[in-house]
Amino acid sequence: MPQHSLFETTSIGKRVLKNRIVMAPMTRARTVQPGNIPGALMAEYYQQRATAGLIITEATQISAQGQGYSWTPGIHSAEQVAGWRLVTDAVHRAGGTIFSQLWHVGRMSHASFHPDGQPVAPSALSPHAQVWVVNNEGIGEMVDCPVPRELTTADIQRVIADYRQAALNAVAAGFDGVEVHGGNGYLIDQFLRRSSNQRTDEYGGSLENRVRFAQQILEAISEAIGAERTGIRLAPYITQRGMDDPQVIDAILALAAWCESKGIAFIHLAEADWDDAPQVPYAFRETLRATFSGTIIVAGNYTREKADKLLSAGIVDLVAFGRPFIANPDFPRRLKENLPLSEMGNPATLFGGSEVGYTDYPFLN
């Protein structure tokens, strides 16, 4: 196996990356309102962090129906595409590479985002979870998700078309590629798991049927912008939000084998990063590596030592870091030179607000 480190170059598709450090997608809710439009503040935020080998944006809804949280960006209107162009231009000027994470939350939503008051899902089952919604006083709060409406077959085809158009919009906005969010209890993940998918048609029941939705989305995007610019994020061992289904591992490995056959550029594993969270078995990592020869990205409270161990073993190709990038815009340099990390400030600045707790964290001299 080749011996890799975080600080050597690599590539995804035709894109050469200056290191193997990924800035993980993190929701920050800083869009211009109304319209959920990326603006100059977001462009500055991402540009500051362009020393990452790859930036994957915060989750970005492919349609109005796909929204589940307040002030998250979309990529389905002309104004949103123009706003994202500010971001991609800024990152490219700083020598960075940036992919858009395409998102449909499914049942992880709130009535206020839907004309009929109902989010959509594979089946009409509540996630027994909450989402962040700004109330009439302009204050964000966690609120319960309602019971969703089950998608019809015609609805599913429209959602697939929305993903395809969102990918085309991402390219028009200057993105280098897209990552389809297929994890963390959102719509694609809901189709993969028996706990959230109790359909009896061609999108439910058997393993083959449960992976069909993800396959058709990836196929539509690949045909539109190229498989070499297309990846997917999956969360095999995350079980919250009513997503506990041991058989999802089989579904994910089946999807990985399909991705291998189609030349999909990468698979990004979202791993649980809280205390006493389920750990990803090494045997699963080995099986995934044997199944998928494309780029494998991992994210989940990694240290430099843990990252280098997996890179050296050839089990992964890139390692994503989330929280350290919040307070350390120059995180790759600090990691490489073993420099001290700044601590994140007031947690209230994580979602929504101004430049405070967003673009005002200092670089080291």
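Which residues in α1 meet which residues in α2? The close-up views described below are taken from a predicted model, and the first of them takes up this question.

**View 1. Helices α1 and α2 cross with a right-handed sense.** In this predicted model, helix α1 spans residues 40–48 and helix α2 spans residues 78–93, and their axes come within 8 Å of each other while crossing at roughly 25°. Because angles under 35 degrees count as roughly parallel, α1 and α2 are therefore described as roughly parallel to each other. On the α1 side the contact involves Ala 40, Met 42, Ala 43, Tyr 46 and Gln 47, which meet Trp 84, Leu 86, Val 87, Ala 90, Val 91 and Arg 93 in α2. Divided by class, the residues of this contact of α1 with α2 comprise 9 nonpolar, 1 polar and 1 charged.

**View 2. Helices α6 and α7 pass each other in a right-handed crossing.** The axes of α6 (residues 212–225) and α7 (residues 248–262) come within 11 Å and cross at roughly 20°, and the two helices are therefore roughly parallel to each other. From α6, the residues that make the contact are Ala 214, Gln 215, Leu 218 and Glu 219, and from α7 they are Leu 255, Trp 258, Cys 259 and Lys 262. The residues of the contact of α6 with α7 comprise 5 nonpolar, 1 polar and 2 charged.

**View 3. The loop between β3 and α1 holds Ala 29 and Pro 34.** Gln 33 and Pro 34 are joined by a cis peptide bond, for which omega is about -5°. Ala 29, although not a glycine, has a positive phi of about 55°.

View 4. When the lining of the largest pocket is divided by class, it has 26 nonpolar, 13 polar and 10 charged residues.

Terms used
Residues are numbered from 1 along each chain as its sequence is written. This is a predicted model: local features need pLDDT of at least 70, side-chain atom pairs count only at pLDDT 80 or more; totals for chains, interfaces and linings use all residues. Side-chain values use heavy atoms; hydrogens and water are left out. Axes are lines fitted to C-alpha atoms, for helices over the stretch in contact, and angles run from 0 to 180 degrees between N-to-C directions. Helices (H or I, at least four residues) and strands (E, at least two) are DSSP runs, numbered from the N terminus. Angles under 35 degrees count as roughly parallel, over 145 as roughly antiparallel, 65 to 115 as roughly perpendicular and the rest as oblique. A crossing is left-handed if the near helix is turned anticlockwise from the far one by less than a right angle, and right-handed if clockwise. Contact means heavy atoms within 4.5 Å. Ala, Val, Leu, Ile, Met, Phe, Trp, Tyr, Cys and Pro count as nonpolar, Asp, Glu, Lys and Arg as charged, and the others, Gly among them, as polar.
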